[in-house]
There are 2 protein chains.
Amino acid sequence: MQLYLIRKLECFAKLSMADKQALQVLGEKPRRCAARQDIIREGDDPQFVNLILDGWACRYKQLEDGRRQIISFFLPGDLCDTHIYVLRQMDHSIATLTPVTLASISRSVLDDITARHPRITQALWWDTLVTAAIQREWTVNLGQRPATERLGHLLCEIFLRLRSVGLTDGASCSFPLTQGELGDAMGLTSVHINRTLQELRSTGLIILEGRRLTIPDLAALQQASLFNPNYLHLDHVGSHLDANGSDEPLDL
Amino acid sequence: MQLYLIRKLECFAKLSMADKQALQVLGEKPRRCAARQDIIREGDDPQFVNLILDGWACRYKQLEDGRRQIISFFLPGDLCDTHIYVLRQMDHSIATLTPVTLASISRSVLDDITARHPRITQALWWDTLVTAAIQREWTVNLGQRPATERLGHLLCEIFLRLRSVGLTDGASCSFPLTQGELGDAMGLTSVHINRTLQELRSTGLIILEGRRLTIPDLAALQQASLFNPNYLHLDHVGSHLDANGSDEPLDL
DNA sequence: CGGTCAGTTGAGAACTTTCAACATGGGTGG
DNA sequence: CCACCCATGTTGAAAGTTCTCAACTGACCG
């Protein structure tokens, strides 16, 4: 099984074969979940760190009166909070969006790997910091941007994140989100998402049909959405901490 | 100098005298900054972890066209991103709001302390996770809540955070934010903040005058704002990892 | 074939912004 | 000591954005 996590971490650090083998172990006991299922719920006691091996998931929080906010998306290779077991109970829920393959990693396995592989420890810190940076960017997105920019910004982010783990095909990528889910993520109604998507489509900035997204001119969409990729920290591919081997750089 | 950080971490772990002394060292070379000054700017190379010893600060991000979003508030005892030096450049800026006393902590000092004090390491993880949880809650706040709830929610959060470091006086606390700053944080205009504050005042939920906030009935404000304090993870005061001593529990 | 879910459309209502004017208070320079 | 200035707070009215409600379409599934 291909571990997208490895590809992602290699955006930051050049991993040795031993590092990669250690990470490979994380994907060994995959669990399968159907689409739209809770993986863990608000109030649960978190015992494991979940790793999304494949598929899309999300964090969300449901208010008493039914409103739901999707707080972040998990794409293949994403880890749900290293060290989450420090907390007594989850303050949000995590659910699948598509069918998902995931690994539940125990504290001892993770402690063991980080104790032996300082480069991995460092790379996981990078991942943690990038995750935090994404959450901050969502704050900016929800607070300052009108619907069109906001949605365009999200599409840029998802596209670049998928590209960093090799899940894009030229200017296209899989895009399984419904308009309702997009609405819950962007703090907009699905009706308004619909109209906003139409606007993005009519200006030729995106092609979205049949669960597939194409961004004909990424630079144009970025510009229209005031998207600055700096917060993804993909700019210094493998230039820290090299161990061996080489990769083709990702151009942003 | 009283280190609010110690008080905060004691919400999670009972620290030994040795732990506290180690933390005390962090406050030894304080730096003073005037109000409304950048501490570090987007694009800078982060060398130090900043610790707010006293005063209020914020993260913010400025868009090309001048719009500004305040992404989070730093209150006394708050750390600005442990391990931030893993990243090459800041993706946001940090600025003071009031005059601030801060300590810039080098990587080596922090590494040294965490190597020797596992309880501190654990407590810093707790702090990191709570910071992330707060950012997620802001996502919910900006995405789902109308102005009155949104502002009420922020006031509850700030009040509880100040209380956890002993900076409240009964039902009151210092509250130096201008309406413009509140607007930048909540994604609302200062005009609308003004009207929303009037509404909160007229219903008796808050008293806000002369840079001082009083919440006569915290439970009522929490209820009106659909505020659930679980994300602050203050609920198990000192019950993990005890070393010695005891504290009065904080009632939430 | 009926049912359900996702997507689409229209029109009015609600919330928030914009713009512009005015009030207040503290601080500064004359 | 007073006059002035500037930042902050306040108010009104119109404009703009987004939501709500409600109806309708198309695709897929059993």
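Modeller: This is a predicted model. A compact globule of 252 residues would have a radius of gyration near 18 Å, and chain A has 18 Å, which agrees.

Biologist: What does the C-alpha trace of chain A span along its principal axes?
Modeller: About 50 × 45 × 30 Å.

Biologist: How many helices and strands are in chain A?
Modeller: Eight helices and 12 strands.

Biologist: And how much of chain A is buried?
Modeller: Buried residues make up 46% of its 252 residues. As for contacts between residues at least 6 apart in sequence, 74% of those in chain A join residues at least 24 apart.

Biologist: Let's zoom in. Is helix 6 of chain A mostly covered or mostly uncovered?
Modeller: Mostly covered. Helix 6 runs over residues 179-186, and six of its eight residues are buried.

Biologist: Which ones are buried?
Modeller: Glu181(A), Leu182(A), Gly183(A), Asp184(A), Ala185(A) and Met186(A).

Biologist: What do they pack against?
Modeller: Strands 4 and 5, plus helices 5 and 7, of chain A.

Biologist: What follows helix 6 of chain A?
Modeller: Gly187(A), with a positive phi near 65 degrees.

Biologist: Switching to chain B. How do the axes of helix 5 and helix 7 cross there?
Modeller: At roughly 75 degrees, coming within 9 Å. The two helices of chain B are therefore roughly perpendicular.

Biologist: Which residues make the contact?
Modeller: Helix 5 of chain B uses Ala147(B), Thr148(B), Leu151(B) and Gly152(B). Helix 7 of chain B brings His192(B), Ile193(B), Thr196(B), Leu197(B), Glu199(B) and Leu200(B).

Biologist: How do those residues divide by type?
Modeller: Five are nonpolar, four polar and one charged.

Note on methods:
Residues numbered from 1 in each chain as written. Chains lettered and ligands numbered in written order. Predicted model: local features only at pLDDT ≥ 70, side-chain atom pairs only at ≥ 80, totals over all residues. Axes fitted to C-alpha atoms, helices over the stretch in contact; angles between N-to-C directions. Helix = DSSP H or I, 4+ residues; strand = E, 2+ residues; numbered from the N terminus. Parallel < 35°, antiparallel > 145°, perpendicular 65-115°, else oblique. Contact = placed C-beta atoms within 7 Å. Nonpolar A, V, L, I, M, F, W, Y, C, P; charged D, E, K, R; others polar. Buried ≥ 20, exposed ≤ 12 C-beta atoms within 10 Å, placed from the backbone. Rg over C-alpha atoms; globule rule 2.2 N^0.38 Å.
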